[in-house]
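Take a look at the model below.

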Amino acid sequence: MTSASSRLSAIAFLLAFLIAPPIASAAQDEARKDSLSLSECIDIALERATGIKKAAYALRLQGSDVLKNYGQFLPRVSVNATYTPRSVNKSYITGTTPSSLVKTTTERVDLSLSTSLNIFNGLRDYAGLRASLQRKEAAELTLWQARQTIIYDITQTYYQVLLNRELLLIARENLSASEDLLQLTRRQYEIGLKPITDFYQQQAETASSELSVINAENNLRESRIELQRRLRTDPTQNIAIVGIDTASLDSLPEKADPDSLITIALNNRKDLKSASATAKAARWEITRSRAPHYPSLDLSFNLGTDGYAYYKYNGDVQSDTSPTLSDQLSDQISYSVALNLNWSIFDGFLTHYNIEQAKINYLNQELDAGDLEQDIVLDVRLASDNYNAAQHQINVAQQSQKAAEQAFQTIQRKYELGAATFVEVQAARATLITARSDRTQSIYNLALQQNILDFTTGSIPLD
């Protein structure tokens with residue numbers, strides 16, 4: 001009687017274990033907190049990322065460089081004004097016996113205006129302006145690429161947190177199931193239905209499940225810290241994020257065509273355009289370095305005047321017989337216009353070295369641009385293959401989960417009718433949990449692969 005009662009109690013416990021509702025998900029726990037959405041995380045990162053700030057500073061500097069090179073086409077103007085309130089001059093007057101020492105004290109004003117305009121300097125200024133414009137364009141594209149990189153990085157880290165959170169949920173469900181099964185096995189062992197070895201094996205399985213939970217918690221903690229590191233938020237405060245609507249992934253293309261995506265990438269990638277602009281700037285630097293081979297012609301204009309007033313002559317105040325200071329300044333205006341030709345015949349091969357240096361820099365920039373283009377093609381092909389594999393993985397995972405659910409329901413009904421063993425039921429449940437895990441991972445893997453595909457093709461929106 002006691003044995004039958006114990007068996008009924010064990011069966012009741014098993015049925016309660018099989019139909020028990022799942023534990024609350026980590027997503028539901030975080031939904032009760034102040035959580036950040038993906039778009040909010042991106043906005044925070046774009047505002048605080050040091051990489052974007054540095055790219056903006058570089059663009060600002062290149063704008064000043066363009067203005068500087070544009071200014072080389074304009075005349076240079078300088079004004080000089082000197083006012084000497086007191087000037088003492090001593091000199092001997094010869095021709096008299098004895099020679100007399102004369103001391104003169106004066107007030108003096110000197111004014112001058114100078115301007116010069118370069119007419120020709122071997123296209124140095126023109127090449128410099130074109131090079132600076134290309135560098136400014138490269139800096140603008142670099143800023144765009146920096147923003148896209150931040151969005152890509154935040155999205156990847158955000159999805160990784162979500163995936164690790166779901167994996168932690170699955171690990172906790174497995175641990176809960178193992179603990180329940182351990183209790184059941186203990187009761188079965190106590191009433192003689194199971195040998196002691198089954199109990200020890202289940203203890204080992206429960207410990208392994210607990211270790212999986214610990215590892216999943218560590219992975220989630222590390223991914224959250226990495227997200228917080230990128231967001232530059234208060235390191236003493238924990239952050240929480242909201243999940244994504246996985247139904248939106250159903251609208252994604254079923255297959256990625258690498259050939260068409262390669263064409264899109266070569267047209268859209270800002271870093272490739274930046275590399276091309278940098279190479280063009282280096283090519284203009286070759287023209288600029290050749291300028292010393294040609295003569296330089298400058299037009300200059302100078303305007304000047306001066307005036308002075310005697311204070312004392314040998315200690316005596318002079319009578320006002322000379323023109324006033326203002327009359328002297330207006331009457332003594334002088335000017336000159338000149339053309340200056342300068343041509344360096346030999347500079348010790350310095351120009352030759354500068355030309356070779358500019359050529360090597362241009363060739364290196366061309367090589368970098370070519371390597372980047374090849375890398376983009378390979379990255380797009382790899383991203384396309386991974387995306388197609390992710391789509392196929394989702395389909396397979398869906399079929400696997402559906403089949404596992406049907407198998408579990410069938411085994412559960414058989415068990416209730418006494419036609420299946422507990423081992424078969426537990427095996428079906430483990431298969432179902434694995435299928436759900438694979439389904440979850442395949443969903444987030446598709447989201448990650450879509451983000452990678454957008455980044456490699458330069459299609460990440462900045463709005």
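What follows covers ring pairs, then charges over rings.

## About the model

This is a predicted model: local features need pLDDT of at least 70, side-chain atom pairs count only at pLDDT 80 or more, and totals for chains, interfaces and linings use all residues. Residues are numbered from 1 along each chain as its sequence is written, and side-chain values use heavy atoms, leaving out hydrogens and water.

## Ring pairs

The structure holds 7 aromatic pairs. Rings of Phe, Tyr and Trp (its six-membered ring) pair if their centres lie within 6.5 Å; planes under 30 degrees apart count as stacked, over 60 as edge-to-face and the rest as tilted.

Tyrosine 126 sits in helix H5 (residues 124–190) and tryptophan 284 in helix H8 (residues 270–289), 158 residues apart. Helices are DSSP runs of H or I, at least four residues; strands are runs of E, at least two; both are numbered from the N terminus.

## A tilted pair

Phenylalanine 301 and tyrosine 335 form a tilted pair. Phenylalanine 301 lies in strand S3 (residues 296–313), tyrosine 335 in strand S5 (residues 334–342).

## Cluster and charges

Ring pairs also join Tyr189, Phe199 and Tyr200 into a cluster.

A charge sits over a ring if NZ of Lys or CZ of Arg is within 6 Å of the ring centre and within 35 degrees of the ring normal. Arginine 269 lies over the face of phenylalanine 455, 5.8 Å from the ring centre. Lysine 270 lies over tryptophan 144, at 4.9 Å.
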